[in-house]
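Open the model in your viewer and keep the selection panel at hand. This short tour goes from one selection to the next.

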Amino acid sequence: MDAGESGNPLRDYIPLILESMAEQETAQRALAQKTGINKTRLGLLLHRDPAKRSVMTQPELEKILHALGTNIVQAYTCLETFQGLDLLDRQRYSTIISMLCDMFAELPRKIIDALDEINGIDGSEVKRDWGAPLQRAVVKKVADEVVKIRERRARLTDGDDFEL
């Protein structure tokens, strides 16, 4: 990854796109048709050698990701989450990424609405350092709910008690 002007690393989405194309058996020609991006231009954007790539615009990236059944949030999350994981683990956990991205896409708005309902609290009182304890609480709640789902499934498959 290169450093951008702001000092933040620029993420290389191309390997993720190429991997997704391979998994879906999508050729560049088919991707060009789905995106409306000229096949030659697409070839330059997706070149395996970073030095030979053309600079991709955000709308081009979004079109490509959409054509592959994903979006920029999921792609970014995959890049951040899957660093250091092997391909088998990435395939195994890809559904989790999709589920969490969908689940949390509306979360900021729901939190704003919840804060509006609490008397005496507005967005100006929220501090960035609340993130870590809130993240721990969300992870714990998700884990608890997964356990409950597994228990319900086990009851359904192991017996004739159909109480949910």
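Start with the cysteines. This is a predicted model, and its disulfide count comes to 0. A disulfide here needs two cysteine sulfur atoms within 2.5 Å.

Select Cys-78. It is in no disulfide. Which cysteine sulfur is nearest to that of Cys-78? It belongs to Cys-101, 6.9 Å away. Is Cys-78 buried or exposed? Cys-78 is buried, with a relative accessible area of 14%.

Now select Cys-101. Its closest cysteine sulfur is the one in Cys-78, and at 6.9 Å the gap is too far for a bond. Cys-101 is buried as well. Its relative accessible area is 10%.

Select residues 72-81 for helix H5 and residues 87-105 for helix H6. The two axes come within 10 Å. At what angle do they cross? The angle is roughly 130 degrees.

Last, look at where the helices touch. On the H5 side, select Val-73, Gln-74, Thr-77, Cys-78 and Thr-81. On the H6 side, select Ile-97, Ser-98, Cys-101 and Asp-102. These two sets meet, and both cysteines of the tour are among them. Colour the contact by class: there are 4 nonpolar, 4 polar and 1 charged residues.

How values were computed:
Residues numbered from 1 in each chain as written. Predicted model: local features only at pLDDT ≥ 70, side-chain atom pairs only at ≥ 80, totals over all residues. Heavy atoms only, no water. Axes fitted to C-alpha atoms, helices over the stretch in contact; angles between N-to-C directions. Helix = DSSP H or I, 4+ residues; strand = E, 2+ residues; numbered from the N terminus. Contact = heavy atoms within 4.5 Å. Nonpolar A, V, L, I, M, F, W, Y, C, P; charged D, E, K, R; others polar. Buried < 20%, exposed > 50% of the residue type's maximum accessible area, 1.4 Å probe, protein only.
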